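Here is a friendly walk through one protein model, feature by feature. Keep the structure open beside you as you read.

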Amino acid sequence: MMLPLLKFVPIFKTMLWGGNRLPEFVGYPGPAENVGEAWVLSDVDGSLSVVADGPFAGHTLRDLLQQHPKEVFGEQVPADGKFPLLLKFIDAKQELSVQVHPNDEQAEDHKGPGHRGKTEAWVILDANPDTSRIYAGFADGHSEQTFRHAMTTNSVPSTLHTYTPKPGDCVFLEAGTVHAIGADILLFEVQQTSDITYRLFDWNRVDAKTGEPRELHIDRGLACSDFAGGPCQPVELISSTLVACPYFTLNRFVVTADSPLSLPDTGACRVLVGTSGSGVVNGMSLRAGEVLLLPACTGSATVTTDDGFQILECGLGSS
């Protein structure tokens, strides 16, 4: 069966640090404020993406994967049959917690067989040059001992490598990289399908709903923190490739009216993410803030635009 190209209804997540930009950006009504994340492609239990329109409207992503696994994935169907990536947009009005995610082995040790770790990548879409910061990896010379000491002196951010991001920056965060997204940042994230987060520091905030600080996970978080990795710098664009790791690939393309984009048949599924402008993919419209799943059976694809279009292409890794 030939599956069509597929768009999904975004799933909004309210967070105490969230802003108010995402509903308009992704083109769907949502809460008026504190919308921290819009999950635009998800196979996470309890937050399954639903097809927005077309012949499969109302079906979940998991329905499609169970009924048409080879049409979606091609010959490399994951052993558990689930979509291995979670794609989302994040609007951070305030800083996110300083946090870390486990690798696959650590996730299974904690949550049980079948749970994945979380390696991820960000692409910055908007940032304030005066207030926005990215925290990624430890600054040189820090260890678990110095981090624990910093917790007692309220100086955790000083242990982290930090810089001012600009639109277009890509940050690749392997599992175990301690990190935080600073204030006034809009970004796209691709990650392994995992929702395991260990908070290490939360800027001394109190949750307005509970009147209490959010839970921290110091011992478990530090046990999977990579103190040897050092500072995590923005990646360099090589040809069209931003990231190629065992879990996913991430490419960036700029399409103009004079230069349509031809994507060859790879025999695998991929997801196109609009980040600026608008265009048409094999006859289907796509704009900034939308994602489009191209099942493996789609074959090749052509992207055109009248007035400029920037897209990301997410593919599955080899793990």
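## A hairpin

Strands β16 and β17 form a hairpin, with three residues between them. In this predicted model, β16 covers residues 241-244 and β17 covers residues 248-255, and the two pair in the antiparallel sense over three bridges. To find your place in the pairing, look for A244, which stands opposite T249 in β17.

## Two nonpolar cores

From the hairpin we can move on to the packing. The largest nonpolar core has 43 residues, and F83, L87, F188 and L250 are the members that touch the most others. Strand β3 (residues 35-41) gives the most to this core, contributing four residues. Another core lies apart from it; this one has 18 residues, among them I196, Y198, L222 and C224. As a rule, nonpolar side chains in soluble globular proteins tend to be buried together.

Setting aside neighbours within four places in sequence, its contacts include A121, V123, C170, F188 and V190. Also in contact with L250 are S240, T241, L242 and V243, along with L312, E313 and C314.

## A buried aspartate

D43 belongs to strand β4 (residues 43-44). Is D43 buried or exposed? D43 counts as buried because its relative accessible area is 2%, and the cut-off for buried is under 20%.

What does D43 touch, not counting residues up to four places away in sequence? The list is L48, L61, R62, L65, K82, F83 and T193.

## Aromatic rings

The count of aromatic pairs comes to eight.

## Around T146

Finally, turn to helix α5 (residues 144-152), where T146 is found. T146 counts as partly exposed because its relative accessibility is 28%, between the cut-offs of 20% and 50%.

The side chain of T146 joins that of H142 through a polar contact of 3.0 Å. T146 and V156 are 10 residues apart along the chain, and their C-alpha atoms are separated by 9.3 Å.

Key:
Residues numbered from 1 in each chain as written. Predicted model: local features only at pLDDT ≥ 70, side-chain atom pairs only at ≥ 80, totals over all residues. Heavy atoms only, no water. Pairing = 2+ DSSP bridges. Core = buried A, V, L, I, M, F, W, Y, C linked by side-chain atoms within 4.5 Å. Buried < 20%, exposed > 50% of the residue type's maximum accessible area, 1.4 Å probe, protein only. Contact = heavy atoms within 4.5 Å. Phe/Tyr/Trp six-rings, centres within 6.5 Å; stacked < 30°, edge-to-face > 60°. Polar contact = N/O pair within 3.5 Å; in protein donor to acceptor, adjacent residues only side chain to side chain.
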